[in-house]
Every structure is written in C-alpha cells, then in structure tokens.
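I opened this structure to look up a few things and kept short notes as I went. The entries follow in the order in which I made them.

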Amino acid sequence: MPPESSAIVEARGVHKHFGATHVLKGVDLAVSKGEVVVIIGPSGGGKSTFLRTLNFLDRPDSGEIWVNGAAMGAPEAGSGRAKLSDAGLSRQRRQIGMVFQQFNLFSHMTALENVMSGPIHVLKTDKAAALADAKRLLALVGLADKEASYPGQLSGGQQQRVAIARALAMHPSVMLFDEPTSSLDPEMVAEVLQVMLDLSQRGMTMVIVTHEIQFARKAANRILFMENGRIIEEGRPQDLVDSPRNERTKQFLNMVAEGS
Amino acid sequence: MIWDWEAFFHYIHSPYLLTGAGVSLALSIGAMLIGLVLGGCAAMMRMSEQRWVRLPASGYVWLFRGTPVLVQLIIIYTGLPQLGLQLGVVASALIGLGVNEGAYLAEIIRSGISAVPKGQFEAARAIGMTWPKTMRIVVLPQAMRIIIPPLGNAFNGLMKTSSLASVISMEELLRRTELLVQVQFKVLEIFIVSALYYLFLTTVWGLIQSRLEAYASRSVAPAANVPVPADAT
Ligand SMILES: Nc1ncnc2c1ncn2[C@@H]1O[C@H](COP(=O)(O)OP(=O)(O)O)[C@@H](O)[C@H]1O
Ligand SMILES: [Mg+2]
C-alpha cells in the first residue's frame with residue numbers, strides 16, 4: 001500500500017542483518033519534498049547501512065522503502081517473480097542520487113565523462129544535451145576548469161564536488177550523502193559543504209549523514225540521532241543540538257564538540 | 001661435419017615448416033579465443049553470490065589446472081572415442097588447449113576484476129547502471145589494465161604449449177619438424193630452425209603486447225601525488 005503522505009522517500013520498519021549482527025532494528029523515516037534531513041550518531045550505529053537500504057544497495061531484510069509512491073524492489077505486477085529484476089531496480093535507482101565518503105569517481109574517466117556517464121549510458125540522453133548539462137553542473141560545483149582532469153589529478157574536495165555533479169546529472173528527486181566530508185582534509189570540507197548548502201537552498205530533497213553539527217544546524221530541517229540500529233531522538237536542529245532530551249544524544253554531541 | 005649452414009638456410013625457407021608455424025599460430029589464436037570465452041564466463045560465475053553458480057566454475061578451474069594439458073589432450077583425442085565421442089585432430093587440439101587455457105584465464109580475469117575497488121561497482125549501481133553495464137562501462141575498462149599483461153604472457157605460453165598438440169598428430173610446427181627430421185636427418189639444423197620460428201612468433205607477440213598495454217593504460221591519470229598546474233584544464 002503506497003504511503004498516504006506526500007513523502008518523496010519513506011522507510012517503514014526497516015530491518016537489516018549482516019550475518020548474526022542485527023544492524024537496523026526497525027527504522028522509520030519520511031522525507032518530504034525539499035526537506036533536508038541530517039542523520040548523526042556514533043560510528044557503527046547503522047547510518048551508512050540505512051542510507052544504502054534507501055536505494056537498495058543493501059536490500060532490507062524486512063520493511064519497505066517507498067520512493068515517489070513506488071515500493072523499491074517490488075516485483076513488476078504480473079511478472080511472477082519474487083524480486084524486482086536487475087533492470088527494474090536500476091530504473092528505480094535513477095531517482096536517487098548518492099554521494100559516498102570515498103567519492104568513488106570512475107577512475108578511468110575525466111571529470112566531464114564521470115558527470116556524463118549516467119545520462120549517456122543509463123538515460124540514453126543524446127550526447128550534445130548530456131554534454132551541455134554536464135558542463136552546467138561542473139560550473140555549478142565550481143569546477144568548470146577541471147572538466148578534462150582525471151580523478152587522480154583532483155584534490156579530495158574537488159573529487160567530491162564532481163561526485164555530487166555526477167549524481168545531480170541524473171536529475172534525482174532525492175540526494176543521499178554518506179559522510180561526504182569525512183575523508184577530506186580540513187581545508188576542503190567547507191567547499192563541499194557550501195555546494196550542499198546551495199543545493200538545499202535550491203530546494204533539493206536531501207538525506208545527509210554527517211558529523212558536521214554546525215552545518216547540520218544551518219542546513220537541516222530535521223536532525224535524527226541514530227544509535228544501535230534505531231532512531232533514538234529527532235527534532236528541529238536548534239532543539240536537538242542545543243537541548244537534546246536523550247542522554248545518549250547529549251553525550252554524543254559533547255563528544256563531537258570536543259573532537260572539533 | 002658438425003653444422004651444415006647450407007641445410008640451415010635451406011630449411012629456414014622451407015614452405016613445409018613455414019606452414020607448420022602458421023598452423024601453430026592459428027591453433028594458438030583459436031585456443032586463446034576459446035579460452036577467453038570460457039575463462040570470462042568462469043570468472044563471472046565464480047564471483048556470483050549463488051553457490052550453485054560458483055561451484056561448477058570452481059570445479060572446472062580446479063580440474064583443468066590440476067591435471068597436465070598433455071594428459072587432457074590425449075584423453076580428448078584417444079580416450080573420448082571410447083565413449084562414442086569422436087573428435088578430429090584439429091577439433092581435439094583446439095578444444096583441449098582452449099579448455100585448459102580457459103581455466104588459467106579465468107583466474108587472471110577474476111583477479112583483475114577483484115582488483116577494481118568495490119566503490120566503483122557501487123557508484124555505478126547507484127546511478128542506475130544494470131549489472132552488465134556496470135561491468136562493461138566501469139569495471140572491465142579498469143580491470144583491463146591489470147588483466148592485459150598476464151593475458152599477454154598467457155598467450156606467449158600458449159604458442160609454446162601448442163607444440164604439445166604434436167602428440168595427437170596435429171601437424172603444427174613441432175610435428176612437422178619431427179616428420180622432416182625423420183626423412184632428412186639434419187636433426188640439429190631443422191630443430192634450430194623450428195626453435196627460431198617459435199622465437200619469432202613470441203618476439204612479434206611481445207611487441208604487440210607492449211602496444212596493447214600502453215593502450216589499456218591510456219586513460220590512467222598521473223598518480224594523485226603528481227602536482228597539477230592550477231591552470232590545467
Ligand atoms: N557489508 C557488511 N557486512 C557485515 N557487516 C556490516 C556490513 N556493513 C556494515 N556492517 C556492520 O553493520 C554495523 C553498522 O555499520 P554502518 O551502517 O556502517 O554504521 P555507521 O555508518 O553508522 O558507522 C557495523 O557493526 C558494521 O560492522
Ligand atoms: Mg558510515
């Protein structure tokens with residue numbers, strides 16, 4: 001049954017195990033259009049796994065993910081299959097952009113080719129249109145002059161901005177960010193956060209896992225605190241950051257504040 | 001007389017041996033192509049999540065890497081007819097060498113693909129590439145850089161191993177050398193000519209291989225620590 005809310009993405013009762021480890025213990029989340037949700041929490045709490053279940057890079061063991069009113073991974077009606085086909089799942093994933101901690105740019109392609117790879121090979125956009133859009137996106141992330149560079153020739157911050165442009169090139173209805181600045185040198189963090197802030201102001205729907213509390217405060221509409229496979233507390237940024245109700249949230253925020 | 005130069009120069013132009021070398025080359029190419037197809041399939045199968053897909057491929061690699069190719073050739077040519085499966089000399093040689101080669105190439109291809117970081121697969125999947133597209137557009141081009149050198153060495157080895165087909169009377173270079181020696185008695189001269197033909201084939205292949213390696217690495221950027229001028233575009 002599709003969700004009644006106008007959510008772009010909705011997770012209901014998501015569980016995930018890796019072997020004997022119960023990593024997600026019933027996670028619910030609804031993200032509405034234009035909303036920016038930030039997930040914080042200690043490492044190992046299941047934040048990455050949760051993001052990865054949203055686009056089915058990790059298939060939930062139970063629970064449902066709804067994206068734009070369709071259940072992720074649900075077999076086509078009348079197909080007689082138990083699971084959605086690889087092609088069907090790939091089609092669903094186009095609506096969801098993902099940005100990884102390690103950038104994961106295709107190392108044998110230039111920045112421009114990386115950004116064009118989705119439109120050309122997945123959407124079958126014609127070459128001229130894909131090229132124009134890729135150039136526009138590289139300019140948007142401030143890298144118009146790096147289009148011919150290979151990932152190995154770019155700094156971490158530049159690579160991450162190309163990765164954001166690559167995800168945007170699919171014109172997704174939601175963007176997922178998994179600790180996008182955690183493997184960056186400190187001086188490059190700001191440039192990536194700035195691009196993300198710009199995106200949020202342009203109305204992009206985003207789910208962001210990050211330890212950048214000050215950024216979360218500025219950009220988020222809602223912050224979730226996740227630990228041990230559960231969302232323990234959620235609230236408006238100023239409420240959750242300045243006066244967390246949960247003891248664990250408090251401890252975590254103190255720890256992050258000391259670390260920075 | 002210890003060494004007969006005249007005979008040597010005579011045999012080095014011998015169309016009989018030259019044709020034999022051509023057959024060796026053709027046999028090697030044919031077996032390599034069979035090996036690439038089988039090895040590619042086996043490599044993909046061994047990376048499957050399904051046990052029943054992995055198992056047959058692992059069994060194939062185990063069996064053919066664990067027994068001498070000479071024994072495999074003899075079984076195919078002289079043993080299988082007992083089961084009613086009669087293959088000609090050429091078919092036996094092609095299949096024997098090709099199936100054996102495939103078991104080795106499977107390992108080469110698999111290790112090349114597993115050297116591609118997992119993040120590359122995930123990024124491809126995340127932008128909506130299907131599995132075949134992920135392989136073709138993202139993974140294989142990167143794996144090629146790693147695969148081509150050992151693949152080239154495998155072909156070099158195969159051109160020499162193809163001489164084993166002489167035992168099932170395939171008229172390739174070694175077999176023709178032996179036949180010639182039996183009637184002409186210039187043992188050393190003829191075998192040296194034969195060895196030189198093999199050397200010629202492997203040398204030419206070595207040159208082609210280095211071109212291929214350069215081509216496969218064409219898109220490799222300088223290492224990350226190489227400074228890039230600020231105005232580079
Ligand atoms: N592919 C996997 N296989 C086995 N265990 C995993 C895998 N991915 C994550 N885990 C485990 O799941 C737990 C949650 O991990 P993760 O989602 O990465 O947490 P976080 O992103 O909050 O640090 C950890 O205990 C981790 O070891
Ligand atoms: Mg994580």
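**Entry 1: a sheet in chain A**

I looked up the strands and found an open sheet of four strands in chain A, in the order β2-β1-β4-β5, with antiparallel pairing. β2 (21-32) and β5 (70-71) of chain A are at the edges with a single partner strand each, so one side of each has no neighbour in the sheet. Strands here are DSSP runs of E with at least two residues, and helices are runs of H or I with at least four residues, both numbered from the N terminus. Two strands count as paired if DSSP finds at least two bridges between them.

I noted the basis of the model: it is predicted, local features need pLDDT of at least 70, side-chain atom pairs count only at pLDDT 80 or more, and totals for chains, interfaces and linings use all residues. Residues are numbered from 1 along each chain as its sequence is written, chains are lettered from A and ligands numbered from 1 in the order in which they are written, and side-chain values use heavy atoms, with hydrogens and water left out.

**Entry 2: strand pairs**

I checked β1 (residues 7-18) of chain A against β2(A): nine bridges join these antiparallel strands. Lys16(A) is opposite Leu24(A) of β2(A). The hairpin of β1(A) and β2(A) has two residues between the strands, and Gly19(A) takes a positive phi near 60° there.

I then turned to β4 (residues 62-67) of chain A, which is joined to β5(A) by two bridges and runs antiparallel to it. Val67(A) has Ala70(A) in β5(A) as its bridge partner.

**Entry 3: ligand 1**

Which residues surround ligand 1? I listed Phe18(A), Val23(A), Pro42(A) and Ser43(A), then Gly44(A), Gly45(A), Gly46(A), Lys47(A), Ser48(A) and Thr49(A). A residue is listed if one of its heavy atoms lies within 4 Å of the ligand.

The side chain of Thr49(A) has an N or O atom 2.4 Å from an oxygen atom of ligand 1. For a polar side-chain atom of Ser48(A) the distance is 2.7 Å, and for a backbone N or O atom of Gly45(A) it is 3.2 Å.

**Entry 4: chain B against chain A**

I counted contacts (heavy atoms within 4.5 Å) and got 29 residues of chain B touching 30 residues of chain A. The two chains bury about 2,400 Å² between them, 56% of it on carbon and sulfur atoms; this is the accessible area (1.4 Å probe) lost on being put together, summed over both parts.

The interface has two salt bridges, where a side-chain nitrogen of Lys or Arg lies within 4 Å of a carboxyl oxygen of Asp or Glu. Asp86(A) and Arg125(B) form a salt bridge at 2.8 Å, N to O. On the chain B side, α6 (118-126) and α7 (131-161) are the elements that give two or more residues. α7(B) gives the most, with eight residues.

**Entry 5: salt bridges overall**

I found 20 salt bridges over all chains. Arg136(A) and Asp133(A) form a salt bridge at 2.9 Å, N to O. Both lie in helix α4 (residues 127-140) of chain A, three residues apart, about one turn of the helix.

Methods
Polar contact = N/O pair within 3.5 Å; in protein donor to acceptor, adjacent residues only side chain to side chain.
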